[in-house]
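Work through the exercises below with the structure in view. Try each task before reading its solution.

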Amino acid sequence: MHGAWQGAWATRPPLESAGRQVAAVAEFDSVGLRYGTGAEVLRDLDFRLRTGSFYFLTGPSGAGKTSLLKLLYLAQRPTRGRIKLFGEELSEAPREDLPPFRRRIGVVFQDFRLIRHLSAFDNVALPLRIAGASDEDVEGPVREMLAWVGLADRASARPPTLSGGEQQRVAIARAVINRPELLVADEPTGNVDADMANRLMGLFTAMNRLGTTVVVATHDVSLISATPGAQLIRLENGTLVDPTGTLKNPPRPPRSAG
Amino acid sequence: MLDWLFPSPADRRLLGTAKFGGPTPWVIAIMSFSIMLIAASGLALASTAALVSSSIETRYTLQVPGGGANLAQLVATVRSTPGVSSVRAVSEIDMRQTLERWLGPAAESAELPVPALIDFDAADASRLASLQRRAQSIAPGASIVAHRDSVRPLLHSLHLLQWVAFGLVLLLSAAASAAVVLAARGALDTHRFTIEVMHGIGATDLQVTHMFQRKILIDALIGSLAGALAAAAVLLLLASGAALAGELTGGATLGPIDLLILALLPLALTLLATWVARTAVLRSLRKAL
């Protein structure tokens with residue numbers, strides 16, 4: 001993965017959101033979620049994700065982190081409460097209205113969710129093609145993105161032939177290729193070594209500097225402490241530990257050079 | 001609008017190399033074959049019914065009880081009626097000779113009342129009443145019978161068979177549609193993961209549906225054309241066999257419109273299968289967020 005990425009991808013606006021900026025990317029208002037007739041896995045969530053911020057979502061296993069992320073990337077509807085994304089109330093929006101919003105969100109899944117029979121190139125290109133980009137418009141950005149995540153020579157490889165770390169990077173490249181306004185990552189460093197984890201976090205930070213709101217669910221405290229300025233959202237038993245959602249991760253002092 | 005018919009190579013790769021429904025083209029081929037044969041039979045029946053109906057529409061018979069001793073006078077009366085043509089008399093003797101085939105010597109018995117007949121065409125049916133009155137003045141009891149009345153039960157049966165054929169075509173089309181629905185559901189299950197990923201990335205239902213729609217269109221087109229070609233071969237064999245045997249010649253044939261209908265049937269079946277698959281896929285996708 002290369003350090004500072006100065007390619008065309010970094011300078012072009014996101015595909016579907018140029019010119020639209022709202023103060024809060026996401027607003028949760030008394031949100032609850034239950035699966036089927038079971039108990040609520042999320043309760044009374046009230047928080048806002050400010051545009052351009054970096055958030056870590058933490059909490060013990062089973063606290064509801066993945067469920068919260070599913071609400072964020074519109075894979076799930078809340079059973080109560082209201083969710084606004086990009087300024088639009090989407091809790092009860094018709095399902096046919098959701099795809100344009102999903103295209104503004106990049107998701108890195110814990111299990112990568114790569115399509116096995118597609119090459120790394122095609123997997124990364126998928127969001128662009130779904131958004132209607134032509135083959136000519138896809139080629140450059142995808143090659144550039146694969147080079148950035150250090151997989152330029154693995155473009156034609158299929159996921160089963162890639163290592164866990166490589167698959168993770170393909171998944172991340174796919175999540176960010178569209179310059180999403182909101183990037184959601186579920187344990188993105190769970191399958192990579194410490195060095196790769198730092199490099200991935202460097203990518204997320206770079207995305208954040210370009211204006212993308214980033215939400216990373218993780219158990220890894222070292223990641224949190226290594227990301228100055230990031231805010232913390234902590235879930236326990238389906239509720240926010242700090243209901244205001246404003247718990248700050250104390251920024252570490254910048255490392256002294258050398 | 002029809003972009004989905006010509007997807008890019010990348011779009012084609014989305015469903016992998018797996019076939020849409022495995023046996024789907026075969027099922028559709030069998031249905032297409034059956035539909036073509038039944039439809040051809042139905043159309044031939046319709047043609048036969050039309051032929052019979054048109055040939056007897058203006059044909060009548062003057063029945064003369066008691067043998068018609070004054071048959072020549074009656075024939076002259078019929079011929080003198082305006083609009084009457086093709087007058088042919090069947091004498092009592094001829095009738096008895098005909099009956100002899102079934103009745104044997106009893107056909108010659110004087111106790112067997114055998115009428116004489118005068119067949120004729122009448123362009124204007126309104127003159128038949130006066131013709132009958134004049135005939136009765138020559139031979140009391142003479143009466144005119146319209147051939148269409150005699151043949152009505154046969155025509156009714158032919159029309160009924162046409163509807164049966166039409167019903168069978170609909171039934172087979174419904175069966176083909178059901179097979180397509182099952183194949184579409186199977187394909188959705190096979191590719192559920194890909195669909196979920198695409199939805200998550202922002203694909204619309206239509207974008208997902210188009211991938212499957214094209215697959216079923218190709219499968220249905222191949223199946224229905226193969227079935228139609230096999231049916232055409234069978235029909236040609238039947239037609240040539242009938243011609244060799246001297247049957248059906250001059251009888252029922254399939255006209256240009258019938259052939260056009262038969263040619264359009266495989267295409268209609270393909271479009272039906274594609275529409276059904278599209279609807280099934282869209283319905284299934286709506287169950288997910």
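The exercises go from the chain contact to the domains, then to helices and sheets.

This is a predicted model: local features need pLDDT of at least 70, side-chain atom pairs count only at pLDDT 80 or more, and totals for chains, interfaces and linings use all residues. Residues are numbered from 1 along each chain as its sequence is written, while chains are lettered from A and ligands numbered from 1 in the order in which they are written.

**Exercise 1. The two chains**

Describe the side of chain A that touches chain B.

Solution. Start with the counts. Chain A gives 21 residues to the contact and chain B gives 14 residues. (Two residues are in contact if their C-beta atoms, placed from the backbone, lie within 7 Å.) Next, look for elements on the chain A side. Helix 3 (99-102) and helix 4 (120-130) of chain A each supply at least two residues. (Helices are DSSP runs of H or I, at least four residues; strands are runs of E, at least two; both are numbered from the N terminus.) The largest share, six residues, is from helix 4 of chain A. Finish with the classes: this side has 11 nonpolar, two polar and eight charged residues. (Ala, Val, Leu, Ile, Met, Phe, Trp, Tyr, Cys and Pro count as nonpolar, Asp, Glu, Lys and Arg as charged, and the others, Gly among them, as polar.)

**Exercise 2. The domains of chain A**

Locate the domains of chain A and describe their contact.

Solution. Domain 1 covers 24-104 + 180-248, and domain 2 covers 118-179. (These bounds come from an automatic or database domain assignment.) Their C-alpha centres lie 24 Å apart. Then turn to the contact: 10 residues come from domain 1 of chain A and nine residues from domain 2 of chain A. On the domain 1 side, helix 7 (residues 194-209) of chain A gives the most, with four residues. That side has eight nonpolar, one polar and one charged residues.

**Exercise 3. A helix pair in chain B**

Characterise the crossing of helix 2 and helix 9 of chain B.

Solution. Take the geometry first. The axes of helix 2 (residues 24-56) and helix 9 (residues 256-286) of chain B come within 10 Å and cross at roughly 145°. (Axes are lines fitted to C-alpha atoms, for helices over the stretch in contact; angles run from 0 to 180 degrees between N-to-C directions.) The crossing is right-handed. (Left-handed means the near helix is turned anticlockwise from the far one by less than a right angle; right-handed means clockwise.) Now find the residues. Helix 2 of chain B contributes several, including B:I35 and B:L43, and helix 9 of chain B contributes others, including B:L262 and B:L269. By class, the contact has 12 nonpolar, two polar and one charged residues.

**Exercise 4. The sheet of chain B**

Trace the four-strand sheet of chain B.

Solution. Begin with the order. The sheet is open, reads 2-3-1-4 and has antiparallel pairing. (Two strands pair if DSSP finds at least two bridges between them.) Its edge strands are strand 2 (84-90) and strand 4 (143-146) of chain B. The twist averages 25° from one strand to the next. Five bridges join strand 2 to strand 3 (residues 116-122) of chain B. Across this pair, B:V84 stands opposite B:A122.
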